[in-house]
Amino acid sequence: MSGPFTNEQLDMLYGKAADPVYFMKQQGTGFVYAWVNPVCNEIFGVDLTGTTVEQSMRKDLMLEIHKQYRIAIKRNSRHLYRDYSLFSDRGTAMETELTPLVHEGTQYVLAVTRDVTAQKKIEEDYLFYQSLVQNSVDPMLMISADFTILDMNPAYEKTFGVLKQEWVGRNYENIPQDKQKLFETGKLLLESSSNNHQTSSIFLKRIKSNGREARFSASYSLIKEDGIVRAFHVVFRELTNELLLKHELKRTENILESYKDALNYAALVLIWDISGMIEFANDNFKKLTGFDSSELIGMKIETIGRAILTKQELAHLQTVLNKGQIWRGSLRSINKNGQPFWVDATIIPLLDVEGRIYQVLSILFDITDRKVMEEQLHHMAYHDPLTNLPNRRMMVKHFKDMAKDSSKTKELVAVLYIDGDKFKHINDQYGHEIGDEFIHQFARALERSIRKRDVAARIGGDEFLILLPGISPFNSRKQIAGIIQRIQETLKKGWVIDGQQFSPTCSIGSALYPNDGVDFDNLMKKADHALYEAKKKGVGLVCFHGEK
């Protein structure tokens, strides 16, 4: 066993994973590799199992890993950390997600490390590009392939005396004739561009906002997806020194080419304005969300997002974005057909020259398969494999929640300790296969007998535990007795396995929170003692704590 999981379970979930996965056990002030997947051994060249972090890492790396592990343990929740900063000189960038687990008093940490070098470059390219556009003194315009105005920078508004909010989203055909001169560039681009040319330039005369006519060079770059032109990005330069102009135009074209490469490389890219209206989506969205990119334009982000975030998480995300910072994390969403999916999200606020957010950019990667594996691992850690009922670890969590509610409602929580009568002879007489099916059917019978808010668990062999919240302090015995009677009646009806009818009985001991104690372990001991008293009297009997 590797703590709460067997090596076979870890092999099944992570043995073929392309990313390094480490299952760590805390030992003293350090950590030991309890299990690693084959990728880890390939990276280090040796089998790490049983060695310590100190033995496998440089001191500076070891200290940083210990620090991050302790943060995850202190928070008692998943913790994501990077080993890089944006625009750093490091060639590789790694990101690790830590999940702390406690088993039988021992601390464990599951660490999954991913190479996010390509994603780091995408984030850097986007931020660099947005800085270039918003802070540039040169007018810049984004036009779709069907000549819809997608975006313009402050310099464009100032130079030509137009307001962004009046023109973004409008098609050339819908521009009044007396204003078409302001945007004739788009028509010229459509007439002169070709899919065989990635970039080009045209020369034109335009009236500036001060009324003076000036000559401009408009350098445009094609933005393609799957070989199809989706938009043009246009940079205007007023002609003053043509030799210098050509040099600067070439530099700008190269930067825009890098931006396009980053855009088309990203798995899923979405841009929306501050009102939540989607302004851009690449074609990769259809496979994951079921929406065509053309469907998404003009929709509200919540229509397709419906990300499941707590109020605290949502407030944290908004705080980060309002500071002009990048938010990184995992989000669970719903696709067009109502099916859930997970994405690894980088959400970037795009700021204008005055530092105000005018758009939000998200770069998403599908991590649904990884999340499904994590959920399976979590389920195995907190459920009995034979009956699929919660195990003792899960019951501790349920009890804490019920006790918290009890302190508000002043209602009681009953603990039923259940032991099957003479179960051993089932295995002896019929064999372990039928014995296992018998335990499975016994668990289902308990579930059918209790209320929706009650929780049943298997805590060993033929021993089960049931928590009953919402018990009235005025007639607690009567309420509990009614539920126990349903259990006994359901068991009496029994079930058939391989043509054999089984109608078992059970003995039950009961204790009450908070009357008999406030600690979960203490209440279990008292319920167990009451069970012992019941079994001394015979089979199929019930005893409450304090009774003889």
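Which residue in β14 does Ser330 stand opposite? I looked this up first in the model, which is a predicted one. Ser330 stands opposite Asp344 in β14.

**Entry: the strand pair.** I then followed the two strands concerned. β13 and β14, the latter covering residues 340-351, pair in the antiparallel sense. I noted eight bridges between β13 and β14.

**Entry: the sheet.** I traced the sheet and found five strands in the order β12-β11-β15-β14-β13. The sheet is open, and its pairing is antiparallel. I asked which strands stand at its edges. They are β12 (278-281) and β13 (327-334); each has a single partner strand, so one side of each is left without a neighbour in the sheet. On average, neighbouring strands here are turned by 30° against each other, direction ignored. I also recorded that helix α14 (residues 368-382) packs on this sheet, where it touches β13, β14 and β15 (357-366). The direction of α14 makes about 125° with that of β14.

**Entry: Gln359.** I selected Gln359, which is found in strand β15. Is Gln359 buried or exposed? I recorded a relative accessible area of 6%, and because buried means under 20%, Gln359 is buried. Its side chain makes a polar contact with the side chain of Glu279, at 2.3 Å. Leaving aside neighbours within four places in sequence, I listed the residues in contact with Gln359; among them are Asp151, Trp272, Asp273, Ile348 and Leu350.

**Entry: helix α15.** I checked the length of α15 (residues 392-409). At 1.5 Å a residue, its 18 residues should span 26 Å, and its end C-alpha atoms are 25 Å apart, which agrees. At the start of α15, I found a side-chain oxygen of Asn391 within 3.2 Å of the backbone nitrogen of Arg393. After α15 comes Lys410, whose phi is positive, near 65°.

I next asked which residues of α15 are buried. They are Met394, Met395, Phe399, Met402, Ala403 and Ser406.

**Entry: the whole protein.** The protein has 19 helices and 22 strands. Of its 548 residues, 49% count as buried. Among contacts with a separation of 6 or more, I noted that 53% are between residues 24 or more positions apart. The accessible surface comes to about 27,900 Å², and 51% of that surface belongs to carbon and sulfur atoms.

Key. Residues numbered from 1 in each chain as written. Predicted model: local features only at pLDDT ≥ 70, side-chain atom pairs only at ≥ 80, totals over all residues. Heavy atoms only, no water. Pairing = 2+ DSSP bridges. Helix = DSSP H or I, 4+ residues; strand = E, 2+ residues; numbered from the N terminus. Axes fitted to C-alpha atoms, helices over the stretch in contact; angles between N-to-C directions. Contact = heavy atoms within 4.5 Å. Expected span 1.5 Å × (residues − 1). Buried < 20%, exposed > 50% of the residue type's maximum accessible area, 1.4 Å probe, protein only. Polar contact = N/O pair within 3.5 Å; in protein donor to acceptor, adjacent residues only side chain to side chain. Areas by Shrake-Rupley, 256 points an atom, 1.4 Å probe, with all protein chains shown as cover.
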